[in-house]
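Notebook open, model loaded. I wanted to look up ring pairs first, then a side chain in a loop, then strand pairing.

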Amino acid sequence: MTRYLLISIGLLLLVACGSYPKRQGFQIEEKAALIVNPYFSDVSKDYVYKANIEVYGKTFGGLLIVKKIEESKHRVVFTTEMGNKLFDFSFENEVFTVNYILEELDKKMLINILRDDFLVFVQSPIQIENAYSKDNFHIFEAELNGKPHFYFFKNDQLLEVLRTKGSKEKVSFLFNDIERGLAKKIEITHHNIKLKINLKSIK
């Protein structure tokens with residue numbers, strides 16, 4: 001009886017600790033070396049979204065502007081609709097800089113979360129660890145800031161990115177109403193903390 005119980009516990013642990021691709025039934029494909037993030041990639045364009053950020057029971061509304069300044073440099077700025085800055089971040093190669101952040105949002109954990117979220121927007125090209133397929137999706141696994149991310153492409157369009165930990169989804173990025181390389185609606189949902197970001201393109 002004890003031996004059976006130990007075997008059962010071992011099997012449960014094996015299933016619980018299984019990798020995300022295995023748990024989701026992904027089929028392994030030939031690995032690509034790099035993929036390109038199609039969004040926020042035009043240096044001649046300012047990407048402007050009406051933004052709603054819900055964090056720990058508080059809601060912040062305004063405009064999110066993402067600007068590719070040069071090949072490896074982006075600015076991400078969140079302002080009120082009256083133009084007052086709430087935060088202003090720079091990404092250049094591996095360096096992340098907080099140019100400004102509202103005192104109410106100036107918490108190290110929140111800054112790190114926002115850094116990781118917006119890195120998904122600006123990181124390109126992306127080094128691929130593994131490639132998979134499922135239900136007509138081509139799925140590419142990559143690491144950003146040491147965290148596994150899965151990029152879901154269908155008909156050459158990036159529709160979703162998932163950040164995972166072990167076999168669980170931690171953050172989902174959904175790209176909707178895609179037109180000429182622009183995702184007009186973007187939703188970022190954290191599944192383990194109370195943080196959600198909704199973006200709607202206005203430019």
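I checked Phe-40 and Phe-121 first: both are buried (under 20% relative accessible area; over 50% is exposed, in between is partly exposed; 1.4 Å probe, protein chains only). Their ring centres lie 4.7 Å apart with the planes at 20 degrees, so I logged the pair as stacked. For my own reference, rings of Phe, Tyr and Trp (its six-membered ring) pair if their centres lie within 6.5 Å, and planes under 30 degrees apart are stacked, over 60 edge-to-face, the rest tilted. This pair links distant parts of the chain, with Phe-40 in the loop between β2 and β3 and Phe-121 in helix α3 (residues 108-122), 81 residues apart.

Housekeeping: this is a predicted model, where local features need pLDDT of at least 70 and side-chain atom pairs pLDDT 80 or more, while totals for chains, interfaces and linings use all residues. Residues are numbered from 1 along each chain as its sequence is written, and side-chain values use heavy atoms, with hydrogens and water left out. Helices (H or I, at least four residues) and strands (E, at least two) are DSSP runs, numbered from the N terminus.

Ring pairs join Phe-40 and Phe-121 into a cluster with residues including Tyr-47, Tyr-49 and Phe-118. Lys-45 sits over the face of Tyr-47, 5.6 Å from the ring centre (the cut-off is NZ of Lys or CZ of Arg within 6 Å of the centre and within 35 degrees of the ring normal).

Next I went to Asn-37, in the loop between β2 (34-35) and β3 (46-55). Is Asn-37 buried or exposed? I found it buried, at a relative accessible area of 2%. A polar atom of its side chain lies 2.8 Å from the backbone oxygen of Val-120, and the Asn-37 side chain also reaches the backbone oxygen of Phe-121 at 3.4 Å. Beyond four places in sequence, Asn-37 is in contact (heavy atoms within 4.5 Å) with residues including Gln-123, Ser-124 and Leu-158.

Last, I looked at β3. It pairs with β4 (residues 58-70) in the antiparallel sense over 10 bridges (pairing takes at least two DSSP bridges between two strands). Asp-46 stands opposite Lys-67 in β4. The β3-β4 hairpin has 2 residues between the strands, and I noted that Tyr-56 takes a positive phi near 50 degrees there. β3 also runs antiparallel to β15 (residues 195-201), joined by 7 bridges, with Ile-53 opposite Ile-197.

Technical notes: A polar contact is a pair of N or O atoms within 3.5 Å; within protein, one must be able to donate a hydrogen and the other to accept it, and residues adjacent in sequence count only if both atoms are side-chain atoms.
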